[in-house]
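Dear colleague,

Please find below the structure that I am handing over to you. My notes on its sheets, its helices and an aromatic pair follow.

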Amino acid sequence: DTPEIVQLLAQVQLERGDSRSAIRVLEALLEVRRDQNDVGLLLANARRLLPSSRGLLRDIKGTNSGICTIDLRIDSSFAVSGGYDGVIRVWDLTNGECRSQFMAHPPRANGVFSPMCLSLSRDGKYVLSGSHDGVAKLWEFATARCLRTFGGHTTPVNSVAISASGKYAVTGTGDRRRDNSIRLWEISSGSCLKVLDGHSEPEDI
């Protein structure tokens with residue numbers, strides 16, 4: 001393609017909000033058109049807009065198991081994923097590497113794994129997970145240590161959340177014939193403070 005077409009492509013990418021792709025194109029173009037001030041100005045603008053870019057930042061791979069749930073630390077430095085293999089993985093988003101992994105919810109008696117759900121606390125220190133075994137578990141993010149297990153549901157836990165204060169956990173499960181409740185837990189004691197019934201379908205909280 002001619003330099004003019006390449007520059008036009010970069011402008012289109014900027015209009016689409018993909019500053020990262022525009023920067024790659026313009027940097028290559030600048031190697032062959034160093035005397036073009038307009039290319040340099042466009043590149044400077046692309047770099048200025050980079051923090052708000054909507055382009056793909058990183059394609060992370062490293063697990064053969066399907067991913068069924070994921071959450072992101074508020075500072076966007078790490079992501080936590082839960083797989084169909086019952087394993088929670090912690091991903092460093094600066095380099096795409098898996099920093100740690102641990103078995104959170106073992107398979108059923110027949111060896112079959114089930115989907116899990118998880119949620120990070122606002123301060124990024126804890127991970128709450130739930131799965132087919134009817135329990136939720138609170139994990140310390142830095143050490144992957146299980147701090148507390150919340151039992152009481154009689155059907156799979158399919159949704160979890162931690163309050164903004166970090167004092168409470170909420171779990172939801174769904175089975176029309178048995179347990180279709182939301183439970184509010186005090187994290188410090190592990191006590192169930194309230195059971196909320198009334199849904200006729202599985203909860204997603």
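Which residue in strand 6 is the bridge partner of Leu118? The partner is Ser129.

Before the details, some conventions. This is a predicted model, in which local features need pLDDT of at least 70 and side-chain atom pairs count only at pLDDT 80 or more, while totals for chains, interfaces and linings use all residues. Residues are numbered from 1 along each chain as its sequence is written, and side-chain values use heavy atoms, with hydrogens and water left out. Helices (H or I, at least four residues) and strands (E, at least two) are DSSP runs numbered from the N terminus.

Two strands are said to pair if DSSP finds at least two bridges between them. These strands are part of an open sheet of four strands in the order 5-6-7-8, with antiparallel pairing. Strand 5 (117-120) and strand 8 (145-150) each have a single partner strand, so one side of each of these edge strands is left without a neighbour in the sheet. From one strand to the next, the twist averages 20°.

Strand 9 (residues 157-162) and strand 10 (residues 168-173) are joined in the antiparallel sense over five bridges. Within this pair, Val157 stands opposite Thr173, and Ile162 has Ala169 as its bridge partner. The two strands form a hairpin with five residues between them, and Gly166 in the turn has a positive phi of about 80°.

Strand 11 (residues 182-186) and strand 12 (residues 192-196) pair in the antiparallel sense over four bridges. Trp185 has its bridge partner, Cys192, in strand 12. The hairpin of these strands has five residues between them, with Gly190 taking a positive phi near 80°.

The helices

Two packed helices are described by the angle between their axes and the distance between the axes. Axes are lines fitted to C-alpha atoms, for helices over the stretch in contact, and angles run from 0 to 180 degrees between N-to-C directions. Contact means heavy atoms within 4.5 Å.

Helix 1 (residues 3-15) and helix 2 (residues 19-32) pack at about 160°, with their axes 8 Å apart. That angle makes helix 1 roughly antiparallel to helix 2 (angles under 35 degrees count as roughly parallel, over 145 as roughly antiparallel, 65 to 115 as roughly perpendicular and the rest as oblique). The contact is made by Pro3, Val6, Gln7, Ala10, Gln13 and Leu14 of helix 1 together with Ser19, Ser21, Ala22, Val25, Leu26 and Leu29 of helix 2. These residues divide into eight nonpolar, four polar and no charged. Here Ala, Val, Leu, Ile, Met, Phe, Trp, Tyr, Cys and Pro count as nonpolar, Asp, Glu, Lys and Arg as charged, and the others, Gly among them, as polar.

The axes of helix 1 and helix 3 (residues 37-49) come within 11 Å and cross at roughly 25°, which makes helix 1 roughly parallel to helix 3. On the side of helix 1, Gln7, Ala10, Gln11 and Leu14 take part, and they meet Asp38, Val39, Leu42, Asn45, Ala46 and Leu49 of helix 3. This contact comprises six nonpolar, three polar and one charged residue.

Helix 2 and helix 3 pack at an angle of about 155°, their axes being 9 Å apart; that makes helix 2 roughly antiparallel to helix 3. The residues of their contact divide into ten nonpolar, two polar and two charged.

An aromatic pair

The whole structure holds three aromatic pairs. Rings of Phe, Tyr and Trp (its six-membered ring) pair if their centres lie within 6.5 Å; planes under 30 degrees apart count as stacked, over 60 as edge-to-face and the rest as tilted. One of the pairs, Phe78 with Phe141, is edge-to-face, at 5.8 Å centre to centre and 75° between the planes. This pair links distant parts of the chain, 63 residues apart: Phe78 lies in strand 2 (residues 78-83), and Phe141 in the loop between strand 7 (136-140) and strand 8.

With kind regards
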